[in-house]
Amino acid sequence: MRNVLTTVFVLASGALSVGYSSAGHAQTFPTKPIRFIIPTAAGGGSDQIVRFLGNRYTAAWAQQIVVDNRPGAGMVIGIDLASKATPDGHTLVLVNPSHAINATLMAKLPYDPVNDLIPICVVATQAFGLVTPNSLPAKNVKELIALLKTKPRGYSFGSSGPGSASHLAGEMFLGMTGTEMVHIAYKGTGPVLTDLIPGRLQMYINPMLAIINQVNAGQLRLLGVTSARRVASLPDVPTVSEAGVPGYEATSWYMVLAPAKTPAPIINQIHRETANALKAKDMLDMLAKGGTEALGNTPAEAMTFLKSEIAKWGKVIRDAKITQQ
């Protein structure tokens, strides 16, 4: 297994006291600092969200939030750590669509994505954008589809890595439009943009936060967003569904999970405070800047959502015959 770079830091400060109810009764939650695992490298959108949530938790519970970045193996290392933690609410993990994708993409996981972790809520969702180089003659989604059909496998689309959300979003687009393109996998968004902007690639579908600067600078053409509704900050940009691919929807998201068997009262308490944090103006402003929408649904709704994401991406993986590389 690859070496793992671990970054640990503490959010805000709080009393390290142990809380008890009145004489001789059960302990309250939390009774010690809460470890919040991020299964990706430090510095991304997940870090921003956990910092905001952590500060809110500390203010509410007078406990420190220790943020633990555990990147590696497509998020498996960090998620596995969380799944095996003591189920008392003092270990949480923030995941993104790779958690749902791995359920099908990886033949053997050291945990069960549905049964070994409990969703607390989907914190936020974020649209992807379908972008093309300015040199491509297609000016909208319908023209892009028509162009691709004139030359099957004559054009290429890029992704941020094999099996990544951007890869699967591209494969889903091809499957739903009956078109064919050559997939070229890169190690991250930066290298994709290096080839996309000058026209060496013809399409890329990726979270808006990662491509909006190039769109605003006029370096790329944004043909549509992949959410069910138009993005509030881009009201004139159609969804891919309304622009020519009915039913197409692919979004990035952030979900808070806890180890299975964490008591329901504790899950509900964490959910309440998370939902409250998502109403704060500074949190909403931070999310909006990245084209991200706060959600904060219930644990039951989050579980239903997770299962639907596993089913959706599983079908894409099987239909496109994608295997782990």
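1. Strand β9. G129 stands opposite V225 in β9. Strands β5 (117–133) and β9 (220–225) pair in the antiparallel sense over five bridges. Two strands count as paired if DSSP finds at least two bridges between them. Helices (H or I, at least four residues) and strands (E, at least two) are DSSP runs, numbered from the N terminus. Six of the six residues of β9 are buried, so β9 is largely enclosed by the rest of the structure. Buried means under 20% relative accessible area, exposed over 50%, and partly exposed in between (1.4 Å probe, protein chains only).

2. Basis of the model. This is a predicted model, with residues numbered from 1 along each chain as its sequence is written. Local features need pLDDT of at least 70 and side-chain atom pairs count only at pLDDT 80 or more, while totals for chains, interfaces and linings use all residues; side-chain values use heavy atoms, with hydrogens and water left out.

3. Confidence. pLDDT is the predictor's confidence in each residue, from 0 to 100. The protein averages 88, and 90% of the residues score at least 70. Among the elements, helix α4 (residues 141–150) has the highest mean pLDDT, 98. Strand β1 has the lowest, 51. Over residues 1–7 the pLDDT is below 50; beyond near neighbours in sequence, this stretch has 16 contacts in the model. Residues 12–26 also have pLDDT below 50, with 26 contacts beyond near neighbours in sequence. A contact means heavy atoms within 4.5 Å. Where pLDDT is low, the predicted coordinates should not be read in detail.

4. Helix α6. Which residues of helix α6 (residues 189–196) are buried? They are T189, V192, L193, D195 and L196. These residues cover an arc of only 165 degrees around the axis, which puts them on the same side of α6. The arc is that of the directions from the helix axis to the C-beta atoms. The buried residues of α6 pack against β5, β6 (156–159), β8 (203–207), α7 (208–216) and β9.

5. Helix α7. Here M208, I211, I212, Q214 and V215 are buried. The buried residues of α7 pack against β5, α6, β8 and β9. Just after α7, G218 takes a positive phi of about 80 degrees.

6. Aromatic pairs. The structure holds five aromatic pairs. F29 and W61 form an edge-to-face pair, 5.5 Å centre to centre with 70 degrees between the planes. F29 lies in the loop between β1 (7–11) and β2 (34–38) and W61 in helix α1 (residues 45–61), so the pair ties together parts that are 32 residues apart in sequence. F29 is buried at 10% relative accessibility. W61 is buried too, at 12%. The rings of F173 and Y248 have their centres 6.2 Å apart and their planes at 80 degrees, so this pair is edge-to-face. F173 lies in helix α5 (residues 165–177) and Y248 in the loop between α8 (240–243) and β10 (251–259), so the pair ties together parts that are 75 residues apart in sequence. Both F173 and Y248 are buried. Rings of Phe, Tyr and Trp (its six-membered ring) pair if their centres lie within 6.5 Å; planes under 30 degrees apart count as stacked, over 60 as edge-to-face and the rest as tilted.

7. A cluster and a charge. F29, F36, Y57 and W61 form one aromatic cluster. Elsewhere, K151 lies over the face of Y155, at 5.8 Å from the ring centre. A charge sits over a ring if NZ of Lys or CZ of Arg is within 6 Å of the ring centre and within 35 degrees of the ring normal.

8. Backbone points to check. The peptide bond from F29 to P30 is cis, with omega near -5 degrees. P30 is found in the loop between β1 and β2. A62 has phi near 55 degrees, a positive value in a residue other than glycine. A62 is in the loop between α1 and β3 (65–69) and is partly exposed at 35% relative accessibility. K321 also has a positive phi, near 55 degrees. K321 lies in the segment after α11 (299–319) and is exposed, with a relative accessible area of 71%.

9. Residue T91. Is T91 buried or exposed? T91 is buried, with a relative accessible area of 9%. Its place is in strand β4 (residues 91–95). Leaving aside neighbours within four places in sequence, T91 is in contact with R35, I37, A82, A85, L257, A258 and P259.
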